[in-house]
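I opened the notebook to record what I looked up in this structure. The entries follow the order in which I checked things.

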Amino acid sequence: MKYDVIVIGGGAAGLFCAATAGRRGRRVLVLEHNDRVGEKIQISGGGRCNFTNIHAGPDNYISGNPAFCRSALARFSPWDFLALVESHGIAYHEKTLGQQFCNGSSREIIEMLLSECASVGVEIRCGGLVKDVRPGFHLRTSCGELCCDSLVIATGGLSFAKLGASDFGHRIARQFGMKVTALRPGLVPLTLAEPDLRVFGPVSGVSLPVRVRSQRGDFEESLLVTHRGFSGPAILQISSFWNPGDRLAFDLLPGKTIPFRPGCTSAPALLSEFWPRRFADAWCSLHVPQKPLTMWSDRERRQTEDLAHNWPVAFAGTEGYPKAEVTLGGVDTGGLSSKTLESRTQPGLFFIGEVVDVTGWLGGYNFQWAWASAHAAGEVV
Ligand SMILES: Cc1cc2nc3c(=O)[nH]c(=O)nc-3n(C[C@H](O)[C@H](O)[C@H](O)COP(=O)(O)OP(=O)(O)OC[C@H]3O[C@@H](n4cnc5c(N)ncnc54)[C@H](O)[C@@H]3O)c2cc1C
């Protein structure tokens, strides 16, 4: 069977690229190894798919070459995707910080992509295996031999293997002599070591607003305590900038000061004006003088205030790919055209979406990269 374009991977980037190429009259096949397409879209955004962020720009992405994503993002903006969503009558809302979510369910985005593909005759085959790829391109698959002029790899990253993630794209890149940068989990909960784990593990479930800083990033969002460490948007964001051994600094009272005042005798009671009481109890058990507030010296008050605004925490590690929303690293951008996502060394071979070394922050940025890179390739395949 001969096609103009074969797309391997029926996720966000693969489906959107297929529809874009199909609209140009190309004969397109999507090969997805799961039994159905768009599994990550389905669970994304807590089931409501945070499908874009209206503020998306190159500064919201991490890559060996921070300028690489600029061209594709500029040529297919969040507003372009919103126009598509609106043309399908999908109701959506902004939750916070430019993040756009479906009012209903993520399923609506999958149905939209499938309808876009169907309207231009894109063929989609699920449940098959690509056994090998030879230049030309010739694919040996579980449903026979297939050929195409353009081959698009849209197999995503390594996180959430239970939803079909594989290293297929990285293997193909290496097979064709392209480099793959170091891979690690991103947007992932961090785990605590003792004694912090013993103290904070039992208060899992509480959350509070914080500002968290590393040498490479700075985010003001909420922190969620888990039974293994810390999660929540602030932690997921900073995790992409965290390396083993790094300490993170937390401001647990951003923009506030502790109102030491006569009459208040216990530090946990005072701090529970700002934090959940269980968190205040746990934090104070480790970090404040264990005596009534009335007996604290000025120096002890100052030290507590300083520590609350600059609390250094060392983490044991991350919860790894099973809990990571994304994979940092991927196909080295040095081997790809930033305009078309085509390999510089293997004409006709394209890499789009998360398989490329471009990783967005939390908040709809990763889908926007999937749409924009898919569009850039879909216009030329
Ligand atoms: C729990 C969770 C929630 C998320 N929420 C959001 C969110 O709200 N907003 C946001 O912007 N991002 C979110 N993300 C990140 C986002 O889902 C990904 O960045 C995005 O899906 C990447 O698109 P992609 O098409 O490159 O890869 P994917 O969507 O992962 O698609 C890759 C596809 O390729 C298939 N595949 C893999 N190997 C093969 C193979 N060998 N043969 C055939 N098919 C193969 C996979 O089964 C999959 O269908 C979330 C991720 C997770 C895990």
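This is a predicted model: local features need pLDDT of at least 70, side-chain atom pairs count only at pLDDT 80 or more; totals for chains, interfaces and linings use all residues.

**Entry: the ligand shell**

**Entry: polar atoms at the ligand**

I went through atom pairs between protein and ligand. For S166, a polar side-chain atom sits 2.6 Å from a nitrogen atom of the ligand. For N34, a polar side-chain atom is 3.2 Å from a ligand oxygen atom. G164 takes part through its backbone: an N or O atom there lies 3.5 Å from an oxygen atom of the ligand.

How much of the ligand's area does the protein bury? Taken alone, the ligand exposes 1,000 Å², and the protein buries 94% of that.

**Entry: α4 against α5**

I turned to a helix pair. Two packed helices are described by the angle between their axes and the distance between the axes. For helix α4 (residues 78-87) and helix α5 (residues 107-119), I read axes that come within 10 Å and cross at roughly 85°.

I listed the residues that make the contact. From α4 they are F81, L84 and V85, and from α5 they are I109, M112 and E116. By class, I count five nonpolar, no polar and one charged residue in this contact.

**Entry: backbone geometry**

I looked for cis peptide bonds and noted the one from G136 to F137, with omega near 5°. F137 is placed in the loop between β8 (130-134) and β9 (138-141).

I also noted a cis peptide bond from E194 to P195, with omega near 0°. P195 belongs to the loop between β12 (190-192) and α7 (196-200).

For phi, I wrote down F160, where the angle is near 60°, a positive value in a residue other than glycine. I find F160 in the loop between β10 (144-153) and α6 (168-175).

**Entry: H309**

Where does H309 sit? I place H309 in helix α11 (residues 298-309).

I listed what H309 touches, leaving out residues up to four places away in sequence, and got R213, F250, D251, L252, L253, K256 and T257. One of these, K256, has its backbone oxygen 3.0 Å from a polar side-chain atom of H309.

Last, I checked H309 against W371. The two are 62 residues apart in sequence, and their C-alpha atoms are 39 Å apart in space.

Technical notes. Residues are numbered from 1 along each chain as its sequence is written. Side-chain values use heavy atoms; hydrogens and water are left out. A polar contact is a pair of N or O atoms within 3.5 Å; within protein, one must be able to donate a hydrogen and the other to accept it, and residues adjacent in sequence count only if both atoms are side-chain atoms. Accessible areas come from the Shrake-Rupley method with a 1.4 Å probe; for residues, only the protein chains shown count as cover. Axes are lines fitted to C-alpha atoms, for helices over the stretch in contact, and angles run from 0 to 180 degrees between N-to-C directions. Helices (H or I, at least four residues) and strands (E, at least two) are DSSP runs, numbered from the N terminus. Contact means heavy atoms within 4.5 Å. Ala, Val, Leu, Ile, Met, Phe, Trp, Tyr, Cys and Pro count as nonpolar, Asp, Glu, Lys and Arg as charged, and the others, Gly among them, as polar.
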